[in-house]
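Okay, thanks for coming, everyone. Let me put the structure up and walk you through a few spots in it.

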Amino acid sequence: MGKTNRTLRMEYLYCRRFFKCFILACVLLLPLGGTRHGFLFAQDKVITNTRMIGIGGVNILDTYLSQEKYRGTEVRYVSQTIREREGKRWARLIEHQGYISFSNNRADNGNEMAGTYDFSYGLLRDWTFFDGKLDVKAGGKIDAAIGFLYNTRNGNNPAQARLNVDIAPMAIATYRFNAGRLPMALRYEVSSPLCGLMFSPNYGQSYYEIFSKGDYDHNIVPTTFVVTPSLHQMLSVDFTIKKTILRVGYLGDWRQSKVNGLKYHSYSNMFMIGLTRRFKMIKMNP
């Protein structure tokens, strides 16, 4: 049966009273949190996002596939986001990298193709010096990479899978200055893996033995900086052109490992160029 007029009126009065109490509570609570234009505000988030593309030379050695060194060209895309809160000393870093390379040996009778996706998540402590001109962030990050290396000369084992997770200390230093009327920022970023885990076939072991026969032979290897002495660094400069922040610089990514009787290295030296955006996200609580 439908509701009576008396019931509907009582529901209407109840909703009206509840709405009045809600408005009153909001008015009373506003001064407690501090207001801006009639709203409660949380701390502002400051987000700096940089997207870059680079090209340069690469030198690759993987003794599982070949005893020869392969040299060629690498193309890389980097997206880095740093999230901060005003008044806070800690920042979060999120970084995506994707790169592909094509290389050949000295005799020019063999080629290799490599591709990798790399994801990093870090936590950095912030310090400022010289009235804010110098900003230093230092901390650590977790770095996970998955990729492949394919050799056109091999018949039995033409490809190598790459999979690793590392914990790496990291630092970023930024010095801001003016070149005439042009605001600029000189930036240096460096990190090096400390410890982690890596997938690797053992010396003389085929992928058929690992995945089809299920013959595990120390294929998940704990690593330290002793067996994976690697370094990632970038030196760059930011400058503003018509409200657009342009970043150009040099990237050196040198990765090495020696596990299960196999040696690997990939030395990348690249020219990078991209755009940086810096903006605030203001959280409003009505």
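So, Thr276: buried or exposed? Thr276 counts as buried, because its relative accessibility is 7%, and buried means under 20% relative accessible area, exposed over 50%, partly exposed in between, with a 1.4 Å probe and protein chains only. Keep in mind that this is a predicted model, where local features need pLDDT of at least 70, side-chain atom pairs count only at pLDDT 80 or more, and totals for chains, interfaces and linings use all residues. Residues are numbered from 1 along each chain as its sequence is written, and side-chain values use heavy atoms, with hydrogens and water left out.

Thr276 sits in strand β14, residues 262-281. Strands here are DSSP runs of E, at least two residues, and helices are runs of H or I, at least four, numbered from the N terminus. Which side chain does Thr276 make a polar contact with? That's Thr50, side chain to side chain, at 3.0 Å. By polar contact I mean a pair of N or O atoms within 3.5 Å; within protein, one must be able to donate a hydrogen and the other to accept it, and residues adjacent in sequence count only if both atoms are side-chain atoms. Setting aside residues up to four places away in sequence, Thr276 also touches Thr48, Asn49, Asp238, Ile245 and Arg247, where contact means heavy atoms within 4.5 Å.

Zooming out, the protein has two helices and 15 strands. Of its 286 residues, 38% are buried. Among contacts with a separation of 6 or more, 62% link residues 24 or more positions apart.

Now the inside. The largest nonpolar core has 10 residues, including Val58, Tyr64, Phe199, Tyr207 and Leu262. A nonpolar core is a set of buried Ala, Val, Leu, Ile, Met, Phe, Trp, Tyr and Cys residues joined through side-chain atoms within 4.5 Å. Strand β3 (45-62) and helix α2 (207-212) are the elements giving two or more residues to this core. Leaving out neighbours within four places in sequence, Tyr207 is in contact with Tyr64 and Phe199, among others.

Then the outside. There's a nonpolar surface patch made of Ile53, Ile55, Val75, Tyr77, Ile100, Phe102, Phe271 and Ile273, with about 720 Å² of accessible area together. The elements that give two or more residues to it are β3, β4 (70-85), β5 (90-104) and β14. Val75, over in β4, counts as partly exposed because its relative accessibility is 35%.

Last stop, two loop residues. Asn260 is in the loop between β13 (244-259) and β14, and has a positive phi of about 55° although it is not a glycine. Asn260 is buried, at 13% relative accessible area. Not counting residues up to four places away in sequence, Asn260 touches Ser200, Tyr203 and His218, among others. Asp108 lies in the loop between β5 and β6 (111-129), and its phi is positive too, near 60°. Asp108 counts as exposed, because its relative accessibility is 57%.

Technical notes: Patch = residues over 30% accessible without salt bridge, like charges linked within 9 Å, V, L, I, M, F, W, Y side chains within 5 Å. Areas by Shrake-Rupley, 256 points an atom, 1.4 Å probe, with all protein chains shown as cover. Salt bridge = Lys/Arg side-chain N within 4 Å of Asp/Glu carboxyl O.
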